[in-house]
Amino acid sequence: MTSRATLKSLMLTAFRGSAGTFKLDFEKGKKLTLIYGENGTGKTTICDAFEFLAFERIGSLEDRGMGKGLEKFWPTAGKPASALLVELETSMAKCTGKIVNKKVAVSPLTSRPRIELLRQRQILELIQAQPAKRYEAIKRFIDIEAFERSEESLRQLGKSLGTEKQTAIAAEQENLTALQSFYEAAGSPVGLNAVTWAKQKLAAPTAGLDADIAAITKLRTAFHALTGYPQKMEDKRNVITSAQAAADAADQAQSAALATVDNEAAERLNVLTAGDVYLHDHPDAEKCPLCDSVENASGLHQAIKAKLAQLATLTAATTKWKQAHHALNVANTALQQVEADYQKAIITLAAAQAAHTWKPEVRRLAAPAPADSAALPTWLTANQGAAANWADVEASWHDERKFRAQLKSATERYESNAIRVAELTALIPKAEKALAECVEERQKFTDGIISEIAKEVGKLYEKVHPGEGLDKIALELDPARRASLSLGATFEGHEAPPQAYFSQSHLDTLGICVFLALAARDRASDTVLILDDVLGSIDEPHVERVIGMIYEVSADFQHTIVTTHYRPWREKYRWGWLKPGQACQFVELTGWAIDDGIRIISSLPEVERLRSFLAESPLDPQAICSKAGVILEAVLDYLTQKYECAVPRRHGAAYTLGDLLPAINGKLRDALKVEIRDGLTDASASPTSTVALKPILDELTRIAQARNAFGAHFKAISFELLDTDAVGFAKHVMLLVDALTHPEHGWPSNDKSGSYWRNSRDSRRLHPLKKPG
């Protein structure tokens, strides 16, 4: 609900004290609504309705020892939840609240009211609450989210940097311990510490060591290759010996096979084989398949088979001979290849030895490897010591390289951690300083807002208790606690919490001032301010000032609703003595009834009531005189107090017309006049009219008896007075009231001009300022 919207009406059905349907219409043009009623007439129910729409809860039922599930008490006793209805209508929209499935349903949400609600029991919560809870009440007015995020980030950064520093210090010490062990293993060279020694060690060139390792690895590989040749050659020669024996045996077998076969048998092998095949296929042949003779056919197949058997033995022997001689050739070739490989190997070894400049610790070969492989075993035995030396030297060189790598790694880690420790040592104080500055800025920002709130509280409190508020009410954040708000006051020159020395009335007004100062900070023009019976313990001298302060503050809000059972406020409204510069709607509630719940009665000011009586037909002279007399007594009481007129001192009795009218006499009555200045804005402009009060007062004195005759007592004279006398009396009272007061600007009560009394808008000027001597 925006500030452009104005309240039109509030309707309640089966809601709390509204047993039936209650409707409160808000008067157009009046931003302040004063709801008066004795206890139990339904004032709080009206406040509950706004809270129901705004927050979907009813705070008046909370903290009363009824536990949870308070929503069952929201409908009027005996009414179902479905009957409950709250409807707020504004000049721009209508907002409705119901209970649907045990949940509050407000529609539309965009039209729900923004409210600030203060109840009597909440007043001291701001004053007597613990500092942390008091801070909770105001923190929504302090937007420090960005500060808090920055603080938390810096705080976490500080913790992580501190942890990282401790880790880096531990790692640095561990690396230093490793370097120290290397340093001690090297004999702890004099004049150096572990770090400087390691740096010098690593500064020495390392390229030659790598070349030495590569060269000796090649040399050892070449020497190791020779160690296998004696066995290889022996194996090859053994293979040749076996192959030679097999070849010799094949020669003999072949010679034996040839001896059993004539020289031409081998040439006829093909013919014999073909004949064998033919005769196998034609076992009944009667002629020779070759010569076609009959006499040679008998026994021919068996003869062919015998010849073929002799030839098969020869063929097998020949095949074995070929195989044996081939194997012998292969064995000889293999031996030749090994001999050739050996020659290459000795060349490789010689090249490996000659290709590098060896360090003194590397032993040389006694002689080059022999070209004759038969001498190799003796040579290998003679140089086995050199080969063993090469293995040891290579191992030591590998250890050296590994050591340098470990030393380099440990040194680099040490230096890296040392650098990081130095960086963190410099960075952590900066992070701590940044956090401190952020906290300081947040506190400065927060203190600035709280100081503004405290000043506003002081200004408001000053209006109620002059000389006690400005610069004497303080709100301060406890620097030792992040979200703790202390409330202080100056009491007889000493700083102390107000709870220690302030009276209940003072604490109540202070609580109201704190609430109003806070409420005014949060979109006041869009907010309905609700004060529910907050004047309970405030003593009489200060109520007038509290009312004035509430009037003044209410102008900043969209609408202000004040409920009260304080009767003087009702009377001040009836007589037009409320602060006249602020239009006020007065609503009076009468006794609550179970059938219809909350009820409103007419609460027109007394002057307006008299006007309405005069407008009625037929007239009621008794009612007219009674009301006119009461009003006249109020006017005369005002004038006699303003001019300090002498009236009879009477114990325990109010002044009557007989006391008051004669007191305004002589020079004062002659001098009394009122300048009417309706519509004038220029203070120096002439009045629109001037009314002398003496003629009105003289006429009222003459016919004052009509008041008693018609309005108060039964007297015989009442039979002699006409109705017109009663009406005349009332009309003269109205003339006097209309001259002295303006319906909106009130009574002339300001004497700052120095020569007359004036009302709030200078629409009435009462002369003289002082009673003539």
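How many Å should the 41 residues of helix α4 span, and how far apart are its end C-alpha atoms? I looked this up before anything else.

**Entry: helix α4**

I am working from a predicted model. Helix α4 covers residues 145-185. At 1.5 Å a residue, I expect a span of 60 Å. The end C-alpha atoms are 59 Å apart, which agrees.

Next I checked burial along α4. I found Glu151, Leu161, Ala168, Glu172, Asn175, Leu179, Phe182 and Tyr183 buried. Then I asked what covers these buried residues of α4. The cover includes α5 (194-203) and α11 (384-464). Just after α4, I noted Gly187 with a positive phi of about 95°.

**Entry: helix α16**

I moved to helix α16, residues 606-615. Here Glu606, Val607, Leu610 and Phe613 are buried. Where do they fall when I look down the axis of α16? They sit within an arc of 115°, so they line one face of the helix. The general rule is that an α-helix has 3.6 residues a turn, so residues three or four places apart point the same way.

**Entry: strand β12**

I then took strand β12, residues 559-564. How many of its residues are buried? I count 6 of 6 as buried. In a regular strand, side chains alternate between the two faces of the sheet.

Which strands pair with β12? I looked up β3 and β11. Strand β3 (residues 32-36) pairs with β12 in the parallel sense, over 5 bridges. Leu531 has Val562 in β12 as its bridge partner.

**Entry: the four-stranded sheet**

Last, I traced an open sheet of 4 strands. The order is β16-β15-β18-β17, and the pairing is antiparallel. Which strands stand at the edges? They are β16 (689-692) and β17 (757-758). Each has a single partner strand, so one side of each is left without a neighbour in the sheet.

I followed β16 to its partner. Strand β15 (residues 673-676) is joined to β16 by 4 bridges, and the two run antiparallel. Val674 stands opposite Val691 in β16. Helix α20 (residues 693-703) packs on this sheet. I found α20 touching β15, β16 and β18 (764-767). The direction of α20 makes about 35° with that of β16.

Technical notes:
Residues numbered from 1 in each chain as written. Predicted model: local features only at pLDDT ≥ 70, side-chain atom pairs only at ≥ 80, totals over all residues. Heavy atoms only, no water. Buried < 20%, exposed > 50% of the residue type's maximum accessible area, 1.4 Å probe, protein only. Arc of directions from axis to C-beta. Pairing = 2+ DSSP bridges. Contact = heavy atoms within 4.5 Å. Axes fitted to C-alpha atoms, helices over the stretch in contact; angles between N-to-C directions. Expected span 1.5 Å × (residues − 1).
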